[in-house]
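Hi,

Here's the structure I said I'd pass on. Have a look at it first, and then read my notes below.

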Amino acid sequence: MPAEALPEGVVPRAPRKVARVVLLDPDDRILLLHGHEPDDPADDWWFTPGGGLEGEETREQAALRELAEETGITDVELGPLLWRRMCSFPFAGRRWDQDEWYYLARTTQTATEARALTELERRSVAGARWWTCQELTRAHETVYPTRLAELFRRLLDEGPPVRPVTLDTEIV
């Protein structure tokens with residue numbers, strides 16, 4: 001909504017700052033979480049681990065904290081910033097506007113265990129799965145960002161970009 005259209009005294013809200021992790025295992029599989037609407041498990045999708053910054057933490061600190069909370073994986077080598085994306089989507093009865101940064105990370109730890117999910121995450125995250133690039137390319141499930149299979153293939157073929165790539169804005 002343009003600022004001039006806001007009711008008097010209402011300040012536009014800045015997008016939520018989010019750090020996400022493109023986590024690869026030794027076999028170059030990517031870890032995705034399986035999420036759904038809290039009250040409708042049939043409305044589901046796959047997404048990379050990550051979440052909003054807390055307090056004064058950096059995006060890198062948030063990426064590692066969120067990864068540990070959502071997957072239990074702490075043995076991680078955090079790599080470069082790969083991609084940036086603005087997105088907006090409905091979830092749990094409200095609209096979320098996010099400024100997401102995606103970091104590459106590698107691990108040898110492949111067992112996952114959600115250890116510190118929020119109440120909303122407990123109601124909306126159904127598990128985690130390691131995907132090969134081929135599996136992700138062939139998947140018929142909804143995956144965010146929507147071009148993840150293509151981005152993953154390029155990452156495996158060419159390595160991380162020299163500078164972070166700005167992805168198209170996604171509005172769902």
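Predicted model: local features only at pLDDT ≥ 70, side-chain atom pairs only at ≥ 80, totals over all residues.

Residues are numbered from 1 along each chain as its sequence is written, and side-chain values use heavy atoms, with hydrogens and water left out.

Start with S1, residues 16-24, where seven of the nine residues are buried. By buried I mean under 20% relative accessible area; exposed is over 50%, and partly exposed is in between (1.4 Å probe, protein chains only).

S1 pairs with two strands, S6 and S4, where pairing takes at least two DSSP bridges between the strands. With S6 (residues 94-107) the sense is parallel, over nine bridges, and Lys17 has Asp99 as its bridge partner there. With S4 (residues 50-52) S1 runs antiparallel, joined by three bridges; Val18 is partnered by Gly52 in that strand.

**Aromatics**

There are four aromatic pairs in the structure. The rule: rings of Phe, Tyr and Trp (its six-membered ring) pair if their centres lie within 6.5 Å, and planes under 30 degrees apart are stacked, over 60 edge-to-face, the rest tilted. Trp46 and Trp131 have ring centres 5.1 Å apart and planes at 80 degrees, so they count as edge-to-face. Trp46 sits in S3 (residues 40-47) and Trp131 in S7 (residues 125-131), so this pair ties together parts 85 residues apart in sequence. Trp46 is buried at 9% relative accessible area, and Trp131 is buried at 2%.

Then there's Trp83 with Tyr102: centres 5.7 Å apart and planes at 55 degrees, so this pair is tilted. Trp83 is buried at 4% and Tyr102 is buried at 1%. Ring pairs also link Trp45, Phe91 and Trp96 into a cluster.

Arg94 lies over the face of Trp96 at 3.8 Å from the ring centre, and the charged end of Arg129 is over Trp131, 3.7 Å from its ring centre.

**Salt bridges**

Counting a side-chain nitrogen of Lys or Arg within 4 Å of a carboxyl oxygen of Asp or Glu, the total is 15 salt bridges. One of them joins Glu100 and Arg20 at 3.2 Å, N to O. Glu100 is in S6 and Arg20 in S1, so the contact ties together parts 80 residues apart in sequence. Glu100 is buried at 1%, as is Arg20 at 10%.

Arg29 and Asp25 meet at 2.6 Å, N to O; Arg29 is partly exposed at 25%, whereas Asp25 is buried at 2%.

Asp99, the bridge partner of Lys17, also forms a salt bridge with Arg59 (3.2 Å, N to O). Asp99 lies in S6 and Arg59 in helix H1 (residues 59-71), so parts 40 residues apart in sequence are tied together. Both of these residues are buried. Elsewhere, salt bridges with shared partners join Glu54, Glu57, Arg65, Glu66 and Glu69 into one network.

**The largest pocket**

The largest pocket holds about 710 Å³ of space. On a 1 Å grid over the protein atoms alone, a pocket is an open set of points where a 1.4 Å probe fits, with protein on both sides within 12 Å along at least five of seven lines, and lining residues have an atom within 4 Å of a point. Points are joined across faces, edges and corners, and the volume is the space filled by probe spheres set on them.

Which residues lie nearest its centre? Out of 37 lining residues, they are Arg20, Phe47, Phe89, Phe91 and Gln98. S1, S2 (30-37), S3, S4, H1, S5, S6 and helix H2 (119-124) each give two or more residues to the lining, and S5 provides the largest share, with six.

Cheers

Technical notes
Helix = DSSP H or I, 4+ residues; strand = E, 2+ residues; numbered from the N terminus. Lys NZ or Arg CZ within 6 Å of the ring centre and 35° of its normal.
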